[in-house]
Amino acid sequence: MALLEVRNLSKYFPVRAGLFSRVSGMLRAVDGVDLSLAEGKTLGLVGESGCGKSTLGRSILRLIEPTGGSIRFEGEDMMALEGAALREKRRRMQIIFQDPYASLNPRMRVGDIIGEGLEIHGLASGTKKRDVVMEMLHKVGLRDEHFYRYPHEFSGGQRQRIGIARALVFRPSLIIADEPVSALDVSIQAQILNLLFDLQREMNLAFVFISHDLRVVEHVSHRVAIMYLGKIVEIADAETIYREPQHPYTRALLSAVPVVDPSRKKTRVVLQGDVPSPLNPPPGCSFHPRCPDAIAECSRITPDLLAGARGHAVACHVHGPGAVQMGHAH
Ligand code: SF4
């Protein structure tokens, strides 16, 4: 059974305009997303900024309320839970942010920051709380004396370790990691990625790892989903995405990544234009104004995300598993 099963998840934001703030449109930040994730595995979720990946992460946690769809987590229907039951289940899914410093209270000692949630939720206090916090400090590579220090005394990488420890005290089974290394130097990025990988094995953690950078998720992901204007356009095992990308958007993202392995083919695809506004997405395939392979259908018919071999799904009239059918029809 999957740890997390997301079906047809949507999040629309009403857009208001005019004197009486009438709703004049809907911003479809997340538009019919299906995902599943097994225990102890990582799903990389990649796309340019504004594609809806962070909104999707927060919708899964119900930190923002989805407009529609279903979320099953540890066998429970998350959308049906309310109040205490929702809070309890939500503790099993935690989030870590790009900039943990923004959420670390500068006047609190690190030990108190990490242990605060335990006290609030009535899970531990006093010496029990202290023991849990110390254990988590050690797990993330910090030392006893760090317990008594204040956030400003730490480097960026150490602050991210504090953010991770604060999530781990709840012993979650799933962590939504939203650009957790984007603000860090490259050398520090590798340390934090290794830490997350070690913690995954040690604590059987599953991750949804959100990034704008395909290179960052490559070595930590088991599966990778590519998102464009609120929809998943390609999803496959990590190796397949990097070796045999199908969707023109995935190919363009990959060709923008510097490649170290010379055995990999590299034809540079330069993306034309900017990401269109999700307020007014292009009809048909929303990637068509930027796509080098677009055909006439692309501006009229929205391609479905169709699964091919080994769960490799692609939403594209030309490169998806449905492409042959399309060819016969015309
Ligand atoms: Fe390009 Fe058409 Fe495929 Fe969209 S459906 S990615 S426009 S070829």
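Pro248 is buried, with a relative accessible area of 3%; buried means under 20% relative accessible area, exposed over 50%, and partly exposed in between, with a 1.4 Å probe and protein chains only. Pro248 belongs to helix 9, residues 248-255. Helices (H or I, at least four residues) and strands (E, at least two) are DSSP runs, numbered from the N terminus. The model is a predicted one, in which local features need pLDDT of at least 70 and side-chain atom pairs count only at pLDDT 80 or more, while totals for chains, interfaces and linings use all residues. Residues are numbered from 1 along each chain as its sequence is written, and side-chain values use heavy atoms, with hydrogens and water left out.

Apart from neighbours within four places in sequence, Pro248 is in contact with Phe287, Cys291, Pro292, Asp293, Cys316 and His319, where contact means heavy atoms within 4.5 Å. Between the C-alpha atoms of Pro248 and Ser299, which are 51 residues apart along the chain, the separation is 15 Å.

Around the ligand there are 13 residues, of which Cys285, Cys291, Cys298, Cys316 and His317 come nearest. A residue is near a molecule or strand if one of its heavy atoms lies within 4 Å of it. The shell around the ligand divides into 9 nonpolar, 3 polar and 1 charged residues. In this division, Ala, Val, Leu, Ile, Met, Phe, Trp, Tyr, Cys and Pro count as nonpolar, Asp, Glu, Lys and Arg as charged, and the others, Gly among them, as polar.

The largest nonpolar core contains 57 residues, and those with the most contacts inside it are Ile164, Leu168, Val224 and Ile226. Helix 6, residues 186-203, gives the most to this core, with 6 residues. A nonpolar core is a set of buried Ala, Val, Leu, Ile, Met, Phe, Trp, Tyr and Cys residues joined through side-chain atoms within 4.5 Å. A second, separate core has 31 residues, including Leu9, Leu45, Ile95 and Ile235. When neighbours within four places in sequence are left aside, the contacts of Ile226 include Val46, Leu214, Lys231, Tyr249 and Leu253.

Helix 1, residues 53-60, is mostly covered, as 6 of its 8 residues are buried. These are Lys53, Thr55, Leu56, Gly57, Ser59 and Ile60. For Ser59, the relative accessibility is 1%. Not counting residues up to four places away in sequence, Ser59 touches Leu9, Lys11, Ile64, Pro66 and Ile71. Just after helix 1, Arg62 takes a positive phi of about 55°.

Positive phi values also occur in two loops. Leu229, although not a glycine, has a positive phi of about 45°. Leu229 is found in the loop between strand 9 (223-228) and strand 10 (231-237), and counts as buried because its relative accessibility is 8%. Arg310, also a residue other than glycine, has a positive phi near 55°. The loop that holds Arg310 runs between strand 11 (306-307) and strand 12 (313-314). With a relative accessible area of 54%, Arg310 is exposed.

Arg22 lies in strand 2, residues 22-37. Arg22 is exposed because its relative accessible area is 61%. Leaving aside neighbours within four places in sequence, Arg22 is in contact with Val15, Arg16 and Ala17. Arg22 and Thr42 are 20 residues apart in sequence, and their C-alpha atoms are 41 Å apart in space.
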